[in-house]
Amino acid sequence: MEILWKGFTNRERQVQDLADRICALLGEGVEKQGRASLAVSGGSTPVPLFAELSGRELPWEKVVVTLVDERWVEPADPDSNEHLVRTHLLRNRAAAARLVGMKTEAEDAFAGETACEERLRQVPRPFDVLVLGMGTDGHTASLFPGAGRLEAATAMDSGRLCMAIVPPRAPHVRMTLTLPAILDSRQIFLHITGEEKRRVYARARAGGPAGEMPIRYVLRQEQTPVEVYWAP
Ligand code: 6PG
C-alpha cells in the first residue's frame, strides 16, 4: 500500500490540514452510514489537533470517539488518555460526541480485557478515521518494541480488538488496540512532529524487523491507506 507523506512548514498548517481531512471523512461517514467513528492516540502531539477539531462544525452527536490505547490509570489521572480526550477534544462543538474509553473498573489491564473488548464492539467499524502517533523508539499505540505480548498483539488472526501490554520502559501497564483492530480503519493518519521523529520514521521505512520498530507493522501492510502528517 502506498504511503502518502505530507510535510508541512509549520505545525499550525499541519493541524489545519489534518483537521480538514478528518472532518471530511467523518462527515462522509455520517452521510453514508448515519454515524462515524474516530480513534485517537494520546501523548502530547495530538493536543493542538484536538483543540482544532473541537471547534469544527460536524454532526458530532453522530460521531463515536475512541482510543487506540490507554494507560491503566483512573480516568481522572492526568496520564489517562481518556482524560486527555475529554479535556481537549470533547469540548466546544465536539462535546456532543460520544466517547468510548478503554479503562474499566477491572483491577488491572489484563483483567479488563474482556470488558474493554465488549465496549469497543459498540464502536462502528471499520473506524472511519484512526490517528496514530509514534515514539522515538518506533512504538505506535501501545505496541512497544520488546513488549512480551507484542507478537500476540500484532497477530492478524487473533480475532481480538484489544490486549493488555506491559511496556518494557514506559510507565503504566496499557491497553492497546491490536494490529488487526488498528488496520480495520478506512483511513489511518500518522501524526508526527520534529526532526527526531522524521529520522525515526525514515529508519522505520528502511529495512529491518517489524518487531524492532512496531510502527513498521502499519507501514508495511496492504489493507489500509496511511497518510503521514509531519511538521518540524
Ligand atoms: C500514548 C500513545 C503513544 C503516543 C506516542 C507519541 O498514549 O502514549 O498513544 O503511542 O502516540 O508515544 O507520543 P508523543 O506525541 O507524546 O510524542
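In the predicted model, the side chain of R71 places an N or O atom 2.4 Å from an oxygen atom of the ligand. This pair falls under the heading of a polar contact (two N or O atoms within 3.5 Å; within protein, one must be able to donate a hydrogen and the other to accept it, and residues adjacent in sequence count only if both atoms are side-chain atoms). Taken alone, the ligand exposes 410 Å², and the protein buries 86% of that, with areas from the Shrake-Rupley method and a 1.4 Å probe. D69 has a side-chain N or O atom 2.7 Å from a ligand oxygen atom, while a polar side-chain atom of T45 lies 2.5 Å from an oxygen atom of the ligand.

Stepping back to the whole site, 15 residues surround the ligand, and T45, D69, R71, A141 and K197 are the closest; a residue belongs here if one of its heavy atoms lies within 4 Å. By class, this shell holds two nonpolar, nine polar and four charged residues.

The cysteines tell a separate story. Zero disulfides are found in a search of the whole structure, a disulfide being a pair of cysteine sulfur atoms within 2.5 Å. For C116, the closest cysteine sulfur is that of C162, 3.7 Å away, which is too far for a bond. C116 is buried, at a relative accessible area of 0%, and C162 also counts as buried, at 0% relative accessibility; buried means under 20% relative accessible area, exposed over 50%, and partly exposed in between (1.4 Å probe, protein chains only).

A word on conventions: residues are numbered from 1 along each chain as its sequence is written, and side-chain values use heavy atoms, with hydrogens and water left out. As the model is predicted, local features need pLDDT of at least 70 and side-chain atom pairs count only at pLDDT 80 or more, whereas totals for chains, interfaces and linings use all residues.

Key
Nonpolar A, V, L, I, M, F, W, Y, C, P; charged D, E, K, R; others polar.
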